[in-house]
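Please load the model in a viewer and keep the selection panel at hand. The stops below proceed from ion pairs to helix packing and end with backbone geometry.

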Amino acid sequence: MDPTTLGHTLSDGRTLGYALYGSTSPTAYSVFYFHGTPSSRLEAAILSAPAASLNIRIIGVDRPGMGLSTFQAHRKILDWPHDITELASHLNLPTFSILAYSSGSVYAFACAKMIPRARLLNVGILAGAYPIKWNTFFAFKPMQHVMTSGLSHLAGSWLNSHWGDLARSPDPEPFYAACMKEMPNRPELEQKALKGVEKIALFDPMRESFRVDGKGSGLEFKLQAADWGFQLHEIDCAGGRLKMWHGAKDVNVPMEQVNKVVGMLGGSELKVIEGEGHYGIFIHHGEEALRCLAPKLG
């Protein structure tokens, strides 16, 4: 069985798609990985080698409507912790940690809020997306009006019309070519970080997110732009349970915004990396984050 195309049937009948990377040892420590948007469980692949060296098993999970996971029309952000605990129980994991990148941070915060710290030991955030203004995300500027005008349900249609047919083609090369064509629109620092790892870090995970359509990603934007159902100051971060890594030159989520968030997360730890942007944190500092999340390694 391909460890990157696994699925678990949840109690409500939905499928939750996931992939396993890193160590295959029965003694490995388990870390759930929450991807950005639009993306998928395959985003965790770039962390497989460092995870294996640290005896960590990474479980990359597709959120509803992306990759192998069933679309869930009326879901809320606070529904996600229940999905994760169901999957953790299926995998016989009494304890685990979470590592999230970019917009996956929203769901990591929800889990830290809802799952007891006796089970969810540590949470790591790489280049997190916090309560946001959509116009800071250069990749989504075409959707800015849609996201701020009450028409956020159209975001999925826009994404699918722009990327869907290319993504679902059996031949990935046209999709790769379209992604490379847009690469010059990204900040030079981000282009440099992605050089040589574009496919594993960005193109393949994004392509998989459109396996069915763009509805899952579209709903993501709607949920993240709305009330999350909890406040950041309600999260138990004491003792460094929640750690964040952020690039000082991240133009997607500027440091001004991050510093405000840190003030709400009492007991959390923030490491600012000079000279790094949004993708560089994920690509260059994932191993450091994994080392901090495993109880015997941190």
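A residue counts as buried under 20% relative accessible area, as exposed over 50%, and as partly exposed in between. The model in view is predicted.

**Salt bridges**

Begin by selecting R291 and E287, whose closest N and O atoms lie 3.7 Å apart in a salt bridge. Both residues belong to helix 11 (residues 278-293), where a spacing of four residues separates them by about one helical turn. An α-helix has 3.6 residues a turn, so residues three or four places apart point the same way. R291 has a relative accessible area of 37% and is therefore partly exposed. E287, at 36%, is partly exposed as well.

Select next R14 and D83, which form a salt bridge with the closest N and O atoms 2.8 Å apart. This pair links distant parts of the chain: R14 sits in the loop between strand 1 (6-9) and strand 2 (15-22), and D83 sits in helix 2 (residues 80-90), 69 residues apart. Are R14 and D83 buried or exposed? Both R14 and D83 are buried.

Move on to R63 and E220, whose side chains meet in a salt bridge with an N to O distance of 2.8 Å. R63 and E220 are both buried.

To close this part, select R41, D62, E208 and R211 together; salt bridges link these four residues in a network. Over the whole structure, a search finds 11 salt bridges.

**Helix 8 and its surroundings**

Select residues 198-209, which make up helix 8. The 12 residues of helix 8 reach 16 Å from the first C-alpha to the last, close to the 16 Å expected at 1.5 Å a residue. Helix 8 is mostly covered, with nine of its 12 residues buried.

The crossing of helix 6 past helix 8 is right-handed. To display the contact, show E173, F175, Y176, C179 and M180 of helix 6 against E198, K199, F203, D204, M206 and R207 of helix 8.

**Helix 2 and helix 3**

Select helix 2 with helix 3 (residues 105-114): their axes are 8 Å apart and meet at an angle of about 75°. Helix 2 is thus roughly perpendicular to helix 3. W80, P81 and I84 of helix 2 make the contact with Y107, A110, C111 and M114 of helix 3.

**Backbone geometry**

Most residues other than glycine have a negative phi, and most peptide bonds are trans. Select T37 and P38, which are joined by a cis peptide bond with omega of about -10°. P38 lies in the loop between strand 3 (29-34) and helix 1 (48-53).

Then select N92, a residue other than glycine with a positive phi near 60°. N92 is found in the loop between helix 2 and strand 5 (96-101) and is exposed, with a relative accessible area of 66%.

End at A127, which has a positive phi of about 50° although it is not a glycine. A127 lies in the loop between strand 6 (120-126) and helix 4 (144-148) and is buried, with a relative accessible area of 0%.

Terms used. Residues numbered from 1 in each chain as written. Predicted model: local features only at pLDDT ≥ 70, side-chain atom pairs only at ≥ 80, totals over all residues. Heavy atoms only, no water. Helix = DSSP H or I, 4+ residues; strand = E, 2+ residues; numbered from the N terminus. Buried < 20%, exposed > 50% of the residue type's maximum accessible area, 1.4 Å probe, protein only. Expected span 1.5 Å × (residues − 1). Left-handed = near helix turned anticlockwise from the far one by under 90°. Contact = heavy atoms within 4.5 Å. Axes fitted to C-alpha atoms, helices over the stretch in contact; angles between N-to-C directions. Parallel < 35°, antiparallel > 145°, perpendicular 65-115°, else oblique.
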